[in-house]
Amino acid sequence: MALSLPVSPQESEKKDANCMGTKQSQTTSIASEDPLQDLRLASQEVLHKAQRSGRSRCLQCGGSRMFYCYTCYVPVENVPTEQIPFVQLPLKIDIIKHPNETDGKSTAVHAKLLAPSSVSIYTYPCIPEYEGKDHEVVLVFPGPQSISIKDVSFHLQKRMESKGRSKADDLDMPPFKLKRTQVEGDSGLNESLGRGPALKRVVFIDSTWSQTNQIVSDERLRELLQVELKTRKTCFWRHQKGKPDTFLSTIEAIYYFLVDYHTDMLKEKYKGQYDNLLFFYSFMYRLIKNAKGSGEKTKPKLIH
C-alpha cells in the first residue's frame, strides 16, 4: 500500500497556480483557434441543414447555388428568408466592387443579404455621386492618408466648418443674398457644432488588393476622408500572401467598422448589435477550419 506524504502549503499553492496557468493557457488556445466564438449570432441550424442537403435553386434566376445567390443577393430555396437574421445598421453602406472580382468568392454579398435596406453594391466604374458630401461620407481603405475611427468626428467637423466659411466668403453673390445665405449657413454650422458632424454613409471597396488602386484613385473617391482599421486582424481563409493581417475581407471591414463606430463615435457600449453580419462568414470559417482539421486535402466548395 502506498503512503501519502503530507503536502506543504507552499507546494499546494504552486500546484494550484500551475493548474490555473494551464486552464488560462487552454482558454487562450481555444480563443486563438476560433476568434469568432464570442459572437452573438442567430441560430445557424438552417445553414447546417442546407450544407447537408447540398446546392439549391435560386428562386429569382434559377441558378444552382449553396446557401445564397451571389448574383441576385437572395437566399436559395432551401434557406428560407425568414430564418436569416436581419441586421439594422446605423449608417448606409456603399460597396464598390471591381468588375474582375469573382462574385462567388466575395463576402460583400453577406452584407447585402443580412442588411438589405442599408447596403448597396455597385460595380466599378459605376460609383454613386459624393460631390459636396465629403463632410458626411468616409472611405474605409488603408493608406498613407488614412486616419483611425477615433479621429473621424474631428476631421468631418473641420470639413463642415470649411464649408461654412466658403459660403460666407462667396463675394460673387448680391449683398442681400449673401447676408441671408450666411445666416442660414451659420445656423446650420452652429447646429452641427452642437451635436457633432453626422456621418451618414461609409464606402468600402470589394476587390483583390492588387486591383484596389484603380478604384481608390478614382477622382470621384479621391476627396473622401480615408479610414483605416489598424487594430483589427483578419481570419479570412483567402487572405492574400504578402499582405499584413490587418487587411480585412469586405464583410470583416464592414463589421469591425460598425463596432468601432458604435463605441468610439456613438460612445455607447457594444452589445452584439451587428454580430449577425458575420452570420454566413462565421459558418463558412468553421466549415473550412473543420475540413482542414479532419485532414481533407481540399477545401469544401461553399459557393461554386
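The model is predicted, so local features are reported only at pLDDT of at least 70 and side-chain atom pairs only at pLDDT 80 or more, while totals for chains, interfaces and linings use all residues. Residues are numbered from 1 along each chain as its sequence is written, and side-chain values use heavy atoms, with hydrogens and water left out.

Confidence comes first. The pLDDT is the predictor's confidence in each residue, from 0 to 100. Its mean over the chain is 81, and 74% of the residues reach 70 or more. Two stretches fall under 50. For residues 19-32, pLDDT stays under 50, and the model has two contacts beyond four places in sequence. A contact means heavy atoms within 4.5 Å. Residues 297-304 also have pLDDT below 50, with 22 contacts beyond near neighbours in sequence. Where pLDDT is low, the predicted coordinates should not be read in detail.

The nonpolar interior was examined next. A nonpolar core is a set of buried Ala, Val, Leu, Ile, Met, Phe, Trp, Tyr and Cys residues joined through side-chain atoms within 4.5 Å. Buried means under 20% relative accessible area, exposed means over 50%, and partly exposed lies in between (1.4 Å probe, protein chains only). The largest core has 62 residues. F257, L277 and F280 have the most contacts inside it. Helix α8, residues 250-265, gives the most to this core, with ten residues. Helices (H or I, at least four residues) and strands (E, at least two) are DSSP runs, numbered from the N terminus. A second, separate core holds 15 residues, including I127, V137, V216 and L221.

Helix α8 is mostly covered, with 14 of its 16 residues buried. From first C-alpha to last, α8 reaches 21 Å, close to the 22 Å expected at 1.5 Å a residue. The expected span is 1.5 Å times one less than the number of residues. After α8 comes K267, whose phi is positive, near 60°.

Strand β8 was then considered. Five of the six residues of β8 are buried. Strands pair if DSSP finds at least two bridges between them. β5 and β8 run parallel and are joined by six bridges. Across this pairing, I96 stands opposite I205 in β8. Strand β7, residues 137-140, also runs parallel to β8, with four bridges. Here L139 has V203 in β8 as its bridge partner. In a regular strand the side chains alternate between the two faces of the sheet.

Side chains of opposite charge can pair when their charged atoms come close. A salt bridge is a side-chain nitrogen of Lys or Arg within 4 Å of a carboxyl oxygen of Asp or Glu. The structure holds ten salt bridges. In one of them, the side chains of R286 and D34 meet at 2.9 Å, N to O. R286 lies in helix α9 (residues 279-293) and D34 in the loop between α1 (9-33) and α2 (45-53), so this pair ties together parts 252 residues apart in sequence. R286 is partly exposed, at 22% relative accessible area. D34 is buried, at 14%.

R201 and D94 form another salt bridge, at 3.0 Å, N to O. R201 lies in strand β8 (residues 201-206) and D94 in strand β5, so the pair ties together parts 107 residues apart in sequence. R201 counts as partly exposed, at 28% relative accessibility. D94 is buried, at 1%. Salt bridges that share partners also join D134, R159 and K163 into one network.

E77 and R57 form a salt bridge whose closest N and O atoms are 3.6 Å apart. E77 is partly exposed, with 42% relative accessible area. R57 is partly exposed too, with 40%.

C72 is found in the loop between β3 (68-69) and β4. Beyond four places in sequence, C72 touches C58, Q60 and C61. C72 and C58 are 14 residues apart in sequence, and their C-alpha atoms are 8.1 Å apart in space.
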